[in-house]
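Here is a briefing on one structure.

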Amino acid sequence: MTTLRPSLEVAVIMQRVANTGPAARWQAWRWQLADVVMNEAGFGTEPRLLYQNDTEQRWLHGGFKVELFSDDGEGYYLNTSTDVPSWFVLWRMEDEPSVAAEPIPRPLVVSLSYYDAGRWLDAQETVEQVPAPAPVVAWLQAFVDEHHVVEPKRRKRPESFKSLTDRFGNPASISTDKSFGNGRGGGRG
C-alpha cells in the first residue's frame, strides 16, 4: 500500500555574483541561492544557464520534489511561525566541471522543514534559504494545521527532589556521619 504525501515540484536558481569589499581581494565572485520556483516540464533535470554577463551568472536546476511528512509537523510549524517562512536548499559545489567551463553549485535537496535545515547545518553542509511565496506558505500552513500537535509543557522536577540511585539503579543513601579509621569509630588514626 502506498501513501501519497503532499508534494510540490520545484526548480532552484543559483547565481554567481561579484564579491565586493575586502572579500574581493581573495575571490572575485561567489555562489548563492537566488530563488526557488515552481517547476515546469520544459525545465528538464540538467542544469541550464539562464543568464550571463561580466559580473553574474544564473543557472536553473529543475526537477526537485518537496514532500511533506506528517511526523515533521513541528519542523514545518517552526518555519510557518517565523516572520519570513522560507525554502531551505542544501547545495554543494561540483568537484569537476560538468556542464560549464568551471565547477558550478549543485542543489541536492529542497525542504520546507526547519528541522531538515538544522540537521544539514549540523552536518556542516551548505544550506541557504529564500522566502517562500504566499501560496506555498498557505499550503504549508494548512498541512501544519492538520498534522502539528502542540506537546504540553511538562514541569521538570528539580534535581534536589529526585531520589538518589547507585550505578546499578538501586536506592542510595547519603550519610553526613564521619567515620574514621577502620570503620569502628573512635578516633583518627
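**Helix α1 and its cover**

In helix α1 (residues 73-80), the buried residues are G73, G75, Y76, N79 and T80. Buried means under 20% relative accessible area, with a 1.4 Å probe and protein chains only. Seen down the axis of α1, these residues fall within an arc of 165 degrees, so they line one face of the helix. The arc is that of the directions from the helix axis to the C-beta atoms.

This is a predicted model: local features need pLDDT of at least 70, side-chain atom pairs count only at pLDDT 80 or more, and totals for chains, interfaces and linings use all residues. Residues are numbered from 1 along each chain as its sequence is written, and side-chain values use heavy atoms, with hydrogens and water left out.

- Cover for the buried residues of α1 includes β4 (56-67), β5 (86-93), α2 (114-122) and α3 (134-147).
- Contact here means heavy atoms within 4.5 Å.
- Helices (H or I, at least four residues) and strands (E, at least two) are DSSP runs, numbered from the N terminus.

**Nonpolar cores**

- The largest nonpolar core has 25 residues. Such a core is a set of buried Ala, Val, Leu, Ile, Met, Phe, Trp, Tyr and Cys residues joined through side-chain atoms within 4.5 Å.
- V10, V12, V36, Y76, W87, V110 and L112 have the most contacts inside this core.
- At least two residues of this core come from each of β1 (7-18), β2 (29-38), β4, β5 and α3.
- The most comes from α3, which gives five residues.
- Another core, of five residues, lies apart from it; F88, A117, W120 and V127 are among them.

**Strand pairing**

- β1 and β4 run antiparallel and are joined by ten bridges. Two strands pair if DSSP finds at least two bridges between them.
- S7 has E67 of β4 as its bridge partner.
- β3 (residues 48-52) also runs antiparallel to β4, with four bridges.
- L49 has W59 of β4 as its bridge partner.
- The hairpin from β3 to β4 passes through three residues.

**H61 in β4**

- H61 lies in strand β4. H61 is buried, with a relative accessible area of 4%.
- A polar atom of the H61 side chain lies 3.4 Å from the backbone oxygen of P105.
- Beyond its neighbours within four places in sequence, H61 is in contact with A11, V12, M14, P47, I104, P105, R106 and P107.

Technical notes. Buried means under 20% relative accessible area, exposed over 50%, partly exposed in between (1.4 Å probe, protein chains only). A polar contact is a pair of N or O atoms within 3.5 Å; within protein, one must be able to donate a hydrogen and the other to accept it, and residues adjacent in sequence count only if both atoms are side-chain atoms.
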